[in-house]
Structure formats: structure tokens, C-alpha cells
Amino acid sequence: MFVEAKDYIKFLGEPRRYIQRDLEYVKNGYNEEMNIEYPIVMCDDILFYFNHYTSFECANESWGRRKQRIDWSNVFVMFYDERPEYIKEFCEMPYKNKICFAPRNEELEHSCILTIDYKKEQKDEPLYNIV
């Protein structure tokens with residue numbers, strides 16, 4: 001599953017609220033690498049892309065099962081993005097256990113950032129593939 005950066009930041013701002021919401025089917029997307037359609041769903045005001053599921057029913061069942069296993073006293077969050085505004089916002093979130101993967105950038109100094117120094121041959125590779 002994936003979510004856009006701005007929506008992920010919004011989700012992390014009130015995770016318990018979002019976890020309690022029901023998912024609503026919006027439409028199907030297409031995963032070219034796996035050659036399958038996948039459900040795109042709405043959780044309140046956030047879109048989730050269940051790109052490893054072939055139906056809304058399977059995604060919804062997995063979501064229900066996984067959210068029951070959350071240990072709220074032991075949450076670890078991660079984030080990767082290239083945009084400094086989202087990285088800064090993530091790093092300022094009040095999570096004790098967090099890490100952010102970001103491309104090498106001297107202006108982004110924070111204890112939760114692990115910088116990734118792209119090698120010459122990786123410049124065209126999306127950051128999520130490297131992370």
C-alpha cells in the first residue's frame with residue numbers, strides 16, 4: 001500500500017482517528033510492474049493505494065486485520081521523500097521512534113534523517129526503489 005506524502009503526514013497527525021474510519025472504494029488503479037488492477041480507497045479525507053491487492057474486499061479485510069495488531073505504545077514511523085517541506089514536517093512530528101530517508105542535502109539536518117547519497121548511475125532511479 002502507498003499514500004501520497006501530504007496525506008501520510010496528515011494521517012500521522014491523527015492516526016487513531018483514521019484507523020477507526022471505514023474504507024470506501026473509489027476506483028481501480030493499475031500496477032504496470034505486476035500487471036494488475038488495484039483498489040484506490042478513501043479513508044475519511046485520505047486516499048490509500050492498495051497496489052498489492054486485486055480487490056477492495058481483500059484490501060479492506062487486510063486493513064481490518066492489520067489495524068487490530070497496532071501496539072500504540074510501540075509505534076515506529078518511517079518516511080521518504082525528496083521535498084524539504086514534507087521532510088521538515090515529518091521530522092517535527094512528536095513521534096519518539098521515527099526515521100526519514102532523504103536524498104543527500106546539507107540543509108536537511110535533523111536527528112531522524114538518514115541521507116542517501118545517490119551514485120551517478122542511480123540518479124534516474126526513484127527514491128522509493130533505493131530506500
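Start with the whole chain: among contacts (heavy atoms within 4.5 Å) with a separation of 6 or more, 37% join residues 24 or more positions apart. This is a predicted model, in which local features need pLDDT of at least 70 and side-chain atom pairs count only at pLDDT 80 or more, while totals for chains, interfaces and linings use all residues. Residues are numbered from 1 along each chain as its sequence is written, and side-chain values use heavy atoms, with hydrogens and water left out.

**Stop 1: the overall layout**

Colour the chain by secondary structure. Helices here are DSSP runs of H or I with at least four residues, strands are runs of E with at least two, and both are numbered from the N terminus. Follow the chain from that end and the order reads α-α-β-β-β-α-β-α-β-β-α. Now colour by accessibility. Of 131 residues, 38% count as buried. Buried means under 20% relative accessible area, exposed means over 50%, and partly exposed lies in between (1.4 Å probe, protein chains only).

**Stop 2: helix α1**

Select 5-13, which is α1. Its buried residues are A5, D7, Y8, I9, F11 and L12. They pack against α2, β3, α3, β4 and α4.

**Stop 3**

In soluble globular proteins, nonpolar side chains tend to be buried together.

Stay on F79. Leave aside its neighbours within four places in sequence. F79 then touches A5, Y8 and I9, along with Y86, I87, F90, I99, C100 and F101.

**Stop 4: the largest pocket**

Select M1, F2, V3, Y8 and Y80. Of the 40 residues lining the largest pocket, these lie nearest its centre. The pocket holds about 1,400 Å³ of space.

How is that found? A 1 Å grid is laid over the protein atoms alone; a pocket is an open set of points where a 1.4 Å probe fits, with protein on both sides within 12 Å along at least five of seven lines, whereas a cavity is a set the probe cannot get out of. Lining residues have an atom within 4 Å of a point. Points are joined across faces, edges and corners, and the volume is the space filled by probe spheres set on them.

Now colour the lining by element. At least two residues each come from α1, α2 (15-20), β1 (23-31), α3 (56-68), β4 (76-80) and α5 (127-130). Which element gives the most? That is β4, with 5 residues.

**Stop 5: salt bridges**

Side chains of opposite charge can pair when their charged atoms come close. How many salt bridges does the structure hold? There are 10, each a side-chain nitrogen of Lys or Arg within 4 Å of a carboxyl oxygen of Asp or Glu.

Pick K10 and D45. Their side chains meet with N to O at 3.4 Å. This pair links distant parts of the chain, with K10 in helix α1 and D45 in the loop between β2 and β3, 35 residues apart. K10 is partly exposed at 34% relative accessible area, and D45 is partly exposed at 39%.

D7 is buried at 7%; K6 is partly exposed at 49%.

Move to E92 and K88. They form a salt bridge with closest N and O atoms 2.6 Å apart. E92 is exposed, at 53%. Then select K6, D7, K10, E14, R17, R21, D44 and D45, which salt bridges with shared partners join into one network.

**Stop 6: two local details**

Centre on D44, in the loop between β2 and β3. D44 is not a glycine, yet its phi is positive, about 60°. Most residues other than glycine have a negative phi. D44 is partly exposed, at 34%.

Finish on G64, in helix α3. G64 is partly exposed at 25% relative accessibility. Draw a line from its C-alpha atom to that of D22: the separation is 9.0 Å, for residues 42 apart along the chain.
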